[in-house]
Amino acid sequence: MDFHILSWLIWLPVLGMMAILLIPNRFTNTIKITAAVATGIQLILAVVLWFAFDRTTGSFQFTEYAQWIPSFNIFYFLGIDGLSMPMVLLTALLMFISVFVSWKTDKMVKGYFALLLLLDTGMMGVFTALDFFLFYVFWEVMLLPMYFLIGLWGGPKREYAAIKFFLYTLFGSVLILIAILALYFNCGYTFNMVELAEIAPTVLSGVVWWGMSAIKVIWILLFIGFAIKVPIFPFHTWLPLVHVEAPTAISVILAGILLKMGLYGLFRVNYAMLPEAVWWFAGALALLGLVNIIWGGLCALAQKDLKRLVAYSSINHLGFALVGMAAVVAAGVMNGNNLMSAQAGMNGAVFQMFNHGTISAMLFILVGVIYDRAHHRNIAGFGGLATRMPIYAGLTMVAFFAGLGLPSMSGFVSEAMCLIGGFSVFRMIVVLSMLGILLNATYFLRAYQKIFFGKLNKKYSDLPEINGRELFTVIPLALITLLFGVYPAPFLNVIKETVNVLIEQVVTLGGSTGLF
Amino acid sequence: MIIASLIILILPLLAFVIQIFFGQRLPRKGDFVSIFAVLITLGVALGMLVSILMLNDSQFMREAAFTWLNLGAFKIELGFLIDNITVVMLVVVALISTMSHIYSIKYMDKDPLYHRYFAYLGLFTFSMNGIVLANNLVSLYIFWELVGLSSYLLIGFWFQKDTAADAGKKAFLANRVGDLGFFIGIMLFFTAVGSFNYSDVFAGVASGSIHGTLLTLAGLGLFCGAIGKSAQVPLHIWLPDAMEGPTPVSALIHAATMVAAGVYMLVRLFPILTPDVLTVIAYIGGFTALFAATIAITQNDIKRVLAYSTLSQLGYMVMAIGTGAYTAGFFHLVTHAMFKASLFYGAGSVIHAMHHALHKLKDHTIDPQDMRNMGGFKTRMPFTYWTMVICTLAISGIPFFSGFLSKDAILAGTLAFANHSPQHLLIPFFGFAAALITPFYMLRLIFMTFHRGSKFPKVYRQIKESPREMTIPMVILSGLTLFLFYTLPQINPFFDTGWWFTNLIVARDTVVTGFEIITAHEIMVSMHHNHLAAMLLSVALAGLGILFSWLMYLRKKLSPQVWAKRSGFLYRLSFNKYYIDEIYERFIYKPLLKLTERVGYIDWDIYDQRFIDGFGRVTDKLARVSGELDWEGLDKMIVNGIGRQFQRAGQSLRQIQTGRLQNYLLFALLGIIIILILQVI
């Protein structure tokens, strides 16, 4: 019974890391295989967890609870609900894939894979921790390996990129830490996130600091902290730089998992603990979503570097999730108790998080494939590759069309849900953000045409086709994208109860008379 | 019925999957798989047609659905809606798809991506059937975009050609523009009604959950989708370019079925369109009908003439819906599918022959699609010639052909519409003017291609009739332009009572409330009154058009060159398609690209590099200044006076002040933690 599956998920990579550190440097293959085994077992555990997960409840499951630092009331408290379950699966999947994406790494192999696994632990920890202190520790644990992975294994401007990434995120972390402590001191010295979600809304209600409601102050601190991770305009400029400089696997992890932490944090902390402020901020959130969509789309269209284009497309895609999140206020009385729209938007946002994870990972892997062969990513520098690499061209088409939200791909379902949800409350914002869908199609199709269509560029007449290892990294993602695009119910069934709880939390504790 | 339509839906998808993954390794590159699949769907569809004919129930309807996703309150059910309109449309799609498959065997013969071509055809057939069968707005939208995908793939099938790749992209994007409106329309209906299902939406409109301006806006949104897909002005620009695709594709997708999807959707959703929406629809459709026709008269590319003709005919259908004669519009959709597909096959046959001739002569300078390079092919390609002539007569609205029946009904509808609301006199004017021009440019095509002498006798001598795989579809479809196939059991085409078609496809009354509504019955009665007038006028105009064409291009009594010069500016406008493409390029596309470049510049070069990094630089400077102060001020001046203790402290301080921002932040962090911990203790 007491298998402690979550602890295994978190600490397995650390075990792998220790094993790797013991292996002498020259056995590079053994190191890689060890990393693959560690992440592989982790993936199996995550899949088992996915099927064992109870879909009928919105509360936490597989919880583990132990004392850690009793004098500060800090516990080793883990648990997952419908919000963290998909993120855990996504993390395990992308980490396993990333190991294979990094297979050709030949520089300081040992250090690279050790850091990769440490990063894995940090991310798993963030998604499963229910103690705020633990959460923060894992949050910071992620930062360091990421800094080195970019700074040591990155492109020509890697140091600049690493420092920029580090400073940006550290700045955010500080704000989050302040907010965590503010909650801790004001809500009875507890770091227990489940308790905080129950206590904080009532305790903080009406408290005023420096002429501003405490809830709003904390909300803003947290929001900026998380917004940097998403990233939300105007905190987004580290993203394209870091993506361009980071090695492929790190881009995959960054776009696929790390960016989700911002949104995850908004749901887990802002929404659950400060529901009152949701009502105050929802309009701004939707507006920021719109800005992300349009600004990201316009920037993506201007890019000449394929990886930068994909990076900006992330900004564009996550904007939809923000619009969907904001739709939660549709469930309130003042918006006509439109529970339907709130559910569409909120579930759509969570779904979009997952879909962006798989789709952007796919996109970055494919960019890496061509970069490994041609040693550049200049969109205009290719031409006619479909003639030479039909399988690669086909897969890229799948990924691009997934990115531009073609129906039958999962991205369409989630984007549509976000928009439908938002539409009942933020009509104008949603109508304008539809333009983002057009921009989306424009930049993907333009890039696709330039790279794959037309006459084959003579320089690339002997470019090798995508190989087996690379196919192995892309195809699972493509299949998931298709599966959930054709039939999204298996995914939505996992998250919907938790999302309902969250909606209820926001509605009943958020000051608007409830529905439930 | 449900099982049958499931088979129709799934088989082409299976063919697609098989072809994409295994096509290359199969014998004959697997074309038989696809052809077998569509032949079965044709058989099943015909079976369905027979069964509704036996039932002969104008109210026949079957529905089936399953829950796609269910979040508690938010729920989407997808399913099929099968009524007479569905079945007729399924037959049309299956028939033309089968014909295109067979035709392609020889037409695409030597293409290296032969298997993939058939795969895409399968994907298209699947998605098109999905549109036809949908019982809700979500499936409709899903398949709507999927036909867009297959259209993109097939237009750009010869992707090595830049023009083809451009055309594919243009088609997809133009459609997306329309789809934005479409999606907004869907959302408006959903937020008001709470369901995507057609019948729920209809009930919601009937009960007034959505009404007035909002309903009009929602209807206009839906119509935007149709403007994109059915290539109405102002989004018509993609269709002529789509002719870059292989000709059987043009026949199937860009003439007979996909472009008619917009019309089909409006027919399906007609009862929820408000009178205001209908008026807009009528004007856009009518304008497109005339506008495209005026371009068709000056084009020299044989496929482009047909493309503009398709635009014009689609305009007719859309206009018919706007005037309330939507069954006439649907009728025209069916008849047009037959004769226009056949016309495209004919054009493909000519191009195929030209290609072969030019290939033999090793001549790459002559454009094989330019009608000025043709002439006199009549004797060389008798099958192609006669089938094209028959279809030309049909499209021109000559009695005893299908086009006469449907066009006549549409024109009667416009007259009826103008009778009810005389301020809309323009609508019948659009209709009749197009009826005059259509025969003119269609016969111009026939005369330039098949009559008179050839400009290049060498080429002419190499021209051969196309193989059977290509002529048979032409013969079958041109045979289906005979009136009899539509008017049975009534033998006389001049009586429009008792045709199987009009028996099965009966206009439904609108469910919209709160507007001044003309009922379906009133429209029918009014159409009957205007029937004779419409018939006589349209036949007279068609005769006039034919006469002009004959005088100009066969008898040479009137010189096209002289007329072109005489009309000067108007000629240039028509020849250059009213410069619409150039206008879009100049005023929308280019400025957009410029805007994106500017935004990209602001985002990175200004905002990030100047502003964000500015923080870094400022802190860096501050750190250095304080470091200097520390060293110069604290250390050198005071320490010298006080002693080594302080000197050591100063030095270590300086080491801390490394000028690195992250260190500062780390210390800040540490400081906060320490302070807070102290507070607790």
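The legends below describe close-up views of a predicted model.

**View 1. Confidence of the predicted model.** The model is predicted, not experimental. It scores ipTM 0.93 and pTM 0.92. Chain B has a mean pLDDT of 89. In chain B, 92% of the residues reach 70 or more. Where pLDDT is low, the predicted coordinates should not be read in detail.

**View 2. The side of chain B that touches chain A.** The contact involves 45 residues of chain B and 49 residues of chain A. Five elements of chain B each give two or more residues to this side: strand 1 (61–70), helix 5 (137–155), helix 6 (162–193), helix 24 (580–642) and helix 26 (661–680). Helix 6 of chain B gives the most, with 13 residues. By class, this side of chain B has 30 nonpolar residues.

**View 3. Leu438(A) and its contacts in chain B.** Leu438(A) sits in helix 17 of chain A, which covers residues 427–452. Neighbours within four places in sequence are left aside here. Leu438(A) then contacts Arg176(B), Val177(B) and Leu180(B). Tyr448(A) is 10 residues from Leu438(A) in sequence. The C-alpha atoms of Leu438(A) and Tyr448(A) are 15 Å apart.

View 4. Strand 1 of chain A spans residues 61–69, and strand 2 of chain A spans residues 74–80. The two strands run antiparallel. Six bridges join them. Gln67(A) stands opposite Phe75(A), a residue of strand 2 of chain A. Four residues lie between the strands of this hairpin. In the turn, Asn73(A) has a positive phi of about 65°.

**View 5. The largest nonpolar core.** How many residues does the largest nonpolar core have? The count is 449. The residues with the most contacts inside this core are Val88(A), Val323(A), Ala326(A), Val328(A), Val263(B) and Ala341(B). Helix 13 of chain A, residues 339–374, gives the most to the core, with 20 residues.

**View 6. The surroundings of Val263(B).** Val263(B) is one of the residues with the most contacts inside the largest nonpolar core. Residues up to four places away in sequence are not counted in this view.

Conventions
Residues numbered from 1 in each chain as written. Chains lettered and ligands numbered in written order. Predicted model: local features only at pLDDT ≥ 70, side-chain atom pairs only at ≥ 80, totals over all residues. Contact = placed C-beta atoms within 7 Å. Nonpolar A, V, L, I, M, F, W, Y, C, P; charged D, E, K, R; others polar. pLDDT = per-residue confidence, 0-100. Pairing = 2+ DSSP bridges. Core = buried A, V, L, I, M, F, W, Y, C linked by C-beta atoms within 7 Å. Buried ≥ 20, exposed ≤ 12 C-beta atoms within 10 Å, placed from the backbone.
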